[in-house]
Amino acid sequence: MYSTRKSLDKILQIYKNEIRRQISKTTSVTNSDAMAPRLDQSTHKPQTSEETGIPKKLLMLQKYHRFLSTLTPQQMPLAARGLAVSKDQSREFMACFPDIVRDLTKTGKHIDVPEASKWLAKLLQYNVPNGKKNRGLATVLAYKILEKPDNLTPENVHLANIMGWCTEMFHTHQLLLNDIMDSSEMRRGAPCWYRRPEVGLSSINDAIFVQSAMYSTLKRHFSGKSYYKNVLEMFNEMLLKCSIGQHLEKQMAKTEKPDLSQFTMENYEAITKYKTAYYTFQMPVGLALLMTGVDDPETHRQAKTILLEMGEFFQIQDDFLDCFGDPAVIGKNGSDIQDGKCTWLAVVALQRATPSQRQIMEEHYGSSKPEDVAMIKDLYEELQLPHTYSVYEEATYDLLRTQIQQVTRGLPHDLFFKILDNIFRRSI
């Protein structure tokens, strides 16, 4: 059994390496009408085909072997739209949040400092429930699929929703710190918390405040459960991994100009795995497994292998949308180029660039001047990165489906296919 699994892992790794090799090949094909247009080039409402309902400027993507699902509005992926769940599930999840805030700030708790409780309520309500809630909803989705039907009592489902909100508080803790470190302006269509005049750098303490509220909620609802210790260990482990990811990313931003020699695929994958993939994909499913009594290390390992692959693609997809997505659809103005971040687009561009094209990257990447940003985007198109991404997206989808089929130890394939479907926004 071990030998068979090892052989399958080796075959899948060879396949993945071949995808990367093909992506890194230098292209001699110049920009053409087959190039995917940038969606930020026009503020006019796109014309659509009467037959397909797809914007005409996306129809040229038919020259690829399929549409870029990431850019097709009808199929906008999880990175832009949020996890697809029923309205009832969404309402059920949202209904838990006021109770959590009330428990944390109710009269009689910290009665000698009522202003602190009032501030915590404001902090939580402004920052926690207004995003896509992917991680929280994924926790509940995974629990409902993994749990035995007889155990899906209203009480247990309620606990799964509370666990989901704990993952959202963890995410909020990360965002509050990230926004300060990145000097971000907006978050979810509103000014970042630290940008509010009454907050400022006290947002650092507020991030700790949210983290403490998360642990308090876990203790209140789960301290009597057999899996409580393992759940705490998972949250602590995710906190460490996120901190490592932040460290790796900030190591590349020590100077005013990014050090492009550090923009390697190995460095990019390490940042992506630690900063995003672990807590966005592994943690929700891992928590659901623990809640259903599954603590077998091999089962968790197999789930993690697939989920980290999904997490890597999720971040690559987010990088692509940051550059080529429509801000009106994805809810933010992309700033990765201006911030000089090590993104998938930048890494692949450097892999494929000629000396003169690399010089453009050296001179203009990491600048906030609109003309410099435009030059980088033009270079990405010249290097056919939208086409490269389309090929990568298709190959990754096929690879992940193959990996899911190899999952054993009783893990339901349907869980992973549902997550995969939400990332790629396509029918399975």
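This is a short tour of one predicted protein model, stop by stop.

Residues are numbered from 1 along each chain as its sequence is written, and side-chain values use heavy atoms, without hydrogens or water. Because the model is predicted, local features need pLDDT of at least 70 and side-chain atom pairs count only at pLDDT 80 or more, while totals for chains, interfaces and linings use all residues.

**Whole chain**

Start with the cartoon view. The protein has 18 helices and two strands; helices (H or I, at least four residues) and strands (E, at least two) are DSSP runs, numbered from the N terminus. Of the 428 residues, 51% are buried. Buried means under 20% relative accessible area, exposed means over 50%, and partly exposed lies in between (1.4 Å probe, protein chains only). Among contacts (heavy atoms within 4.5 Å) with a separation of 6 or more, 76% are between residues 24 or more positions apart.

Select Lys122, in helix H5 (residues 114-127). Is Lys122 buried or partly exposed? Lys122 counts as partly exposed because its relative accessibility is 32%. Leaving aside neighbours within four places in sequence, Lys122 is in contact with Trp193, Arg196 and Glu198.

The side chains of Glu198 and Lys122 meet in a salt bridge (3.0 Å, N to O). This pair links distant parts of the chain, 76 residues apart, with Glu198 in the loop between strand S2 (190-191) and H8. A salt bridge is a side-chain nitrogen of Lys or Arg within 4 Å of a carboxyl oxygen of Asp or Glu. Show Arg196 as well: Lys122, Arg196 and Glu198 are linked in a network of salt bridges.

The structure holds 15 salt bridges. Select Arg220 and Asp103, whose closest N and O atoms are 3.3 Å apart. Arg220 is in helix H8 (residues 203-222) and Asp103 in helix H4 (residues 87-105), 117 residues apart. Arg220 is partly exposed at 46% relative accessibility, whereas Asp103 is buried at 19%.

Next, select Lys241 and Glu237, a salt bridge at 3.1 Å. Both residues lie in helix H9 (residues 228-251), four residues apart, about one turn of the helix.

**Glu147**

Move to Glu147, in the loop between helix H6 (134-146) and helix H7 (154-182). Glu147 is buried yet has no salt bridge; Lys148, the nearest side chain of opposite charge, is 5.2 Å away. Lys and Arg count as positive and Asp and Glu as negative; His and the chain ends are not counted. What joins the side chains of Glu147 and Asn151? The link is a polar contact of 3.2 Å. A polar contact is a pair of N or O atoms within 3.5 Å; within protein, one must be able to donate a hydrogen and the other to accept it, and residues adjacent in sequence count only if both atoms are side-chain atoms.

**Aromatic rings**

The structure holds 16 aromatic pairs. One of them joins Phe222 and Tyr227 and is tilted, 6.2 Å centre to centre with 50 degrees between the planes. Rings of Phe, Tyr and Trp (its six-membered ring) pair if their centres lie within 6.5 Å; planes under 30 degrees apart count as stacked, over 60 as edge-to-face and the rest as tilted. Then select Phe313, Phe320, Phe324, Trp344, Tyr389 and Tyr392, which ring pairs link into a cluster.

**Helix H16**

Finish at residues 370-382, helix H16. Its buried residues include Val373, Ile376 and Leu379. Just after H16, Gln384 takes a positive phi of about 60 degrees.

Terms used. The expected span of a helix is 1.5 Å times one less than its number of residues.
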